[in-house]
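Student: Could you take me closely through one part of this structure, the surroundings of the ligand?

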Amino acid sequence: MIDFLKEAAHVKPSQKQLDWFELGMYAFVHYGPNTYTDREWGMGTESPEIFNPTNLDCDQWVEAIKEAGMKGMVLTAKHHDGFCLWPSKYTEHSVKNSPFQGDMVKEAAEACRRGGIKFGFYLSPWDRNSKYYGTPEYNDYFCNQLTELLTGYGEIFYVWFDNACGEGPNGRKQEYDFERYFALIRKYQPNAVIFNDFGPDVRWCGNEAGAARYSEWAVVPSELCRYGEVQTGPGPLAGEGSLSYLYNTDREIGTMANILYSKGLVFTPSEIDMSIRPGWFWHENEEPHSLERLYQTYLTSVGANACFHLNVPPTKEGRIDERDVARLKEFGALIQKEFGEEIPSTAEKVPGEPLTQPVYRVHFDRPLRDLKYVVLREEIAQGQRVESFRITAESASGGQYPLYQGTCIGNRQICRLQDPFALQNPLIDDSDETLTGLTVQVTAARDEVLLKEIKVY
Ligand code: FUL
């Protein structure tokens with residue numbers, strides 16, 4: 001058992017997964033015929049004529065995205081309706097037969113380059129337009145399109161695959177050859193991270209509501225992420241009981257009870273994807289979600305060992321709606337207000353034995369009346385190890401204040417001590433007390449704990 005936990009603690013990310021983690025937050029951009037028909041899923045029978053951005057400004061998209069602090073953009077190059085936002089050689093169902101005679105993928109990629117953010121794309125395998133869909137030829141068609149996108153638009157940081165698999169125009173479903181798609185990406189864009197429900201590089205969190213797990217492990221059973229690289233042997237209980245079925249909507253993924261039954265473990269962290277509005281595509285009568293909702297999702301994604309993929313859909317004109325622009329600005333400003341200035345402190349580790357509990361003592365450079373967040377980061381390049389921890393504050397008069405209890409840390413755990421939206425919520429109620437430091441005590445870990453950062457705000 002102990003040997004297996006140690007193995008689990010040493011399951012490591014690739015460099016591109018580490019780079020992806022550092023991005024934290026990036027934008028999704030859903031754009032296409034649905035924008036003009038007010039639908040979420042097109043039928044594939046829409047005329048290309050309807051795609052008509054009359055006031056396109058991709059630089060405005062990029063500016064809005066950057067206002068929120070997002071570091072990349074992922075464009076829906078083709079959604080389920082099969083309409084290509086670039087003039088693909090392999091179909092007539094594309095921008096080339098629309099009043100917009102340009103290449104939307106190129107416009108977006110170049111705007112990202114100009115604005116200094118990364119560019120990636122979403123390519124839906126489900127295609128309700130292609131005559132090949134539901135036959136083996138469709139995988140060739142899909143690979144041809146994928147190759148166009150991988151080779152024609154410079155560096156791609158992310159390729160996002162949807163697992164949706166409905167019927168095509170001939171009533172048949174398709175068997176997607178994901179292994180073949182992934183091999184093409186590795187060949188043409190070796191640094192691109194691949195998102196798919198089941199890995200290899202990033203997995204889906206299991207919902208589109210921005211709801212992360214309380215314990216969002218990056219090290220998970222290969223039963224779930226079957227495309228990831230298996231880095232351990234089977235767990236000590238493999239074959240003894242449950243894990244015959246594991247799905248990405250389960251509450252427990254990667255927890256101790258869960259991994260002990262697994263056939264092997266992979267490093268495949270989770271992404272929280274959500275739209276700024278109820279729909280993925282722009283609809284005139286929808287409003288952006290509240291600032292509170294976006295901020296809460298930020299804390300439970302970027303602040304909970306995952307990344308945040310926030311969709312901002314362009315309007316019919318081809319611009320980001322001013323209501324969304326305003327919300328993105330507020331969102332970026334709030335993050336800046338909450339995390340812009342760190343409280344100077346020094347941390348000292350009082351080590352425990354491997355598999356026992358180190359304690360980190362943090363001393364503030366000056367006594368504090370108040371603190372709002374403690375941000376913890378593990379040296380995730382070495383693996384994810386902390387199972388549980390607690391944080392206690394010390395006051396000048398020797399008082400101890402229990403502040404927080406948590407489970408995973410991983411890449412980043414933002415421990416929120418106060419609600420920035422609450423009217424009044426003092427951490428300590430004695431007005432004469434000041435805080436001099438805090439203790440982060442790891443209460444369980446899979447192997448030696450390596451925290452690379454403890455920051456206080
Ligand atoms: C889903 C799709 O069906 C939605 O339309 C959207 O693109 C979302 C990001 O993925 O599976």
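**The ligand and its surroundings**

Tutor: Around the ligand stand Phe28, His30, Trp41, His79, His80, Tyr122, Trp160, Asp162, Glu208 and Trp280, a residue being near a molecule if one of its heavy atoms lies within 4 Å of it. This is a predicted model, in which local features need pLDDT of at least 70 and side-chain atom pairs count only at pLDDT 80 or more, while totals for chains, interfaces and linings use all residues. Residues are numbered from 1 along each chain as its sequence is written, and side-chain values use heavy atoms, with hydrogens and water left out.

The shell divides into five nonpolar, three polar and two charged residues, where Ala, Val, Leu, Ile, Met, Phe, Trp, Tyr, Cys and Pro count as nonpolar, Asp, Glu, Lys and Arg as charged, and the others, Gly among them, as polar.

Turning to polar contacts (pairs of N or O atoms within 3.5 Å), a polar side-chain atom of His30 lies 2.7 Å from an oxygen atom of the ligand, one of Asp162 lies 2.9 Å from a ligand oxygen, and one of Tyr122 lies 3.2 Å from a ligand oxygen. Of the 290 Å² of accessible area that the ligand has on its own, the protein covers 90%, as computed by the Shrake-Rupley method with a 1.4 Å probe.

The space that the ligand takes is the second largest pocket, and 18 residues line this pocket, with His80, Trp160, Asp162, Glu208 and Trp280 nearest its centre. The lining of the second largest pocket consists of nine nonpolar, four polar and five charged residues.

Methods: A polar contact is a pair of N or O atoms within 3.5 Å; within protein, one must be able to donate a hydrogen and the other to accept it, and residues adjacent in sequence count only if both atoms are side-chain atoms. On a 1 Å grid over the protein atoms alone, a cavity is a set of points where a 1.4 Å probe fits but cannot get out, and a pocket is an open set with protein on both sides within 12 Å along at least five of seven lines; lining residues have an atom within 4 Å of a point. A molecule sits in a cavity or pocket if more than half of its atoms lie within 2 Å of its grid points.
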